[in-house]
Amino acid sequence: MKLKTKKLVLLSILTACAVILSYVEMLVPPLFPAVPGIKMGLANIITVFLLYKFSYKEAFLVALCRILIITLLFSNALTFIYSISGAVLSIAVMALLKKVNRFSTVGVSIAGAVFHNLAQVIVAALIMQTAEIVYYMAALTISGIIAGIAIGLLGSIFIKYSSKFKI
Amino acid sequence: MQKFKIKNDIILVVSLLLVALLVFSLFLAFAKNGKTVAVIKNGEETACYNIDEDLTIDITSANNQNNTLVIKDGKASIISASCPDKICVKHRSIKRVGETIVCLPNKVVIEIKE
């Protein structure tokens, strides 16, 4: 795939930003001890931005690189499986909603967040062989909606102001 | 055009919440109190205890990690563990069929069965 240098540099910088956002999130103590794996998903600001500025392909590419780097630096193979399934489902759903063009950026981000969590719950249920992890879905849906609103707002601000720069 | 999209967003949020609530209520409605406590290490059931018999037992998993399971008064809980986050310890005690306490780092699951 031939990439223009400018785009390549931009995507690389954004990948680095996503890694940093992901890392910064790790430093914050868990929000609800009862529910493991709840994060704000700050790196998804970049994902949402790329989805709208370019396409789901760029969004997924950067997300994939970010997940690889974070896993290699900080976590283990299990985390990788959780993260990548979350990313795949959430970007797929977001791309679909964006195509339908009936939801705002924030709405798309909300769906992305909720389905990201859903994917992780499904993977957890498969790995742990228990179906009752679905009980977590209630809390995760709510936190997904809140996170989706926050990330969506931040992402849309980023999109709006990025038009001032020539990309 | 933006107003019309925000209305759709709200519909989306409300339906997501309703679905989550529905799933949660369905699970709760069909829940019954269990009879046995199963210990599942790394996806394989390794032990099964009667929920009516009080006992305290240490579960050792890979890399010499451990969780302490307590069965008392018809409920099961984990009172201590070697994992860093201790989410399993903070979990409330379980008694309904299908309820689980999961220790992801140690790959241990306590599940209530019929």
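## Terms and model

A residue is buried under 20% relative accessible area, exposed over 50%, and partly exposed in between (1.4 Å probe, protein chains only). This is a predicted model, where local features need pLDDT of at least 70, side-chain atom pairs count only at pLDDT 80 or more, and totals for chains, interfaces and linings use all residues. Residues are numbered from 1 along each chain as its sequence is written, chains are lettered from A and ligands numbered from 1 in the order in which they are written, and side-chain values use heavy atoms, without hydrogens and water.

## Overall build

Chain A has six helices and zero strands. Helices are DSSP runs (H or I, at least four residues), as are strands (E, at least two), numbered from the N terminus. Of the 167 residues in chain A, 47% are buried.

## Aromatic pairs

The whole structure holds two aromatic pairs. Rings of Phe, Tyr and Trp (its six-membered ring) pair if their centres lie within 6.5 Å; planes under 30 degrees apart are stacked, over 60 edge-to-face, the rest tilted.

Tyr23(A) and Phe74(A) are stacked, at 5.2 Å centre to centre and 15 degrees between the planes. They link helix 1 (residues 5-27) with helix 3 (residues 56-74), 51 residues apart. Tyr23(A) is partly exposed at 35% relative accessible area, and Phe74(A) is partly exposed at 41%.

Phe49(A) and Phe158(A) have ring centres 4.1 Å apart and planes at 20 degrees, so this pair is stacked. Phe49(A) is in helix 2 (residues 44-53) and Phe158(A) in helix 6 (residues 136-162), 109 residues apart. Phe49(A) is buried at 1%, whereas Phe158(A) is partly exposed at 31%.
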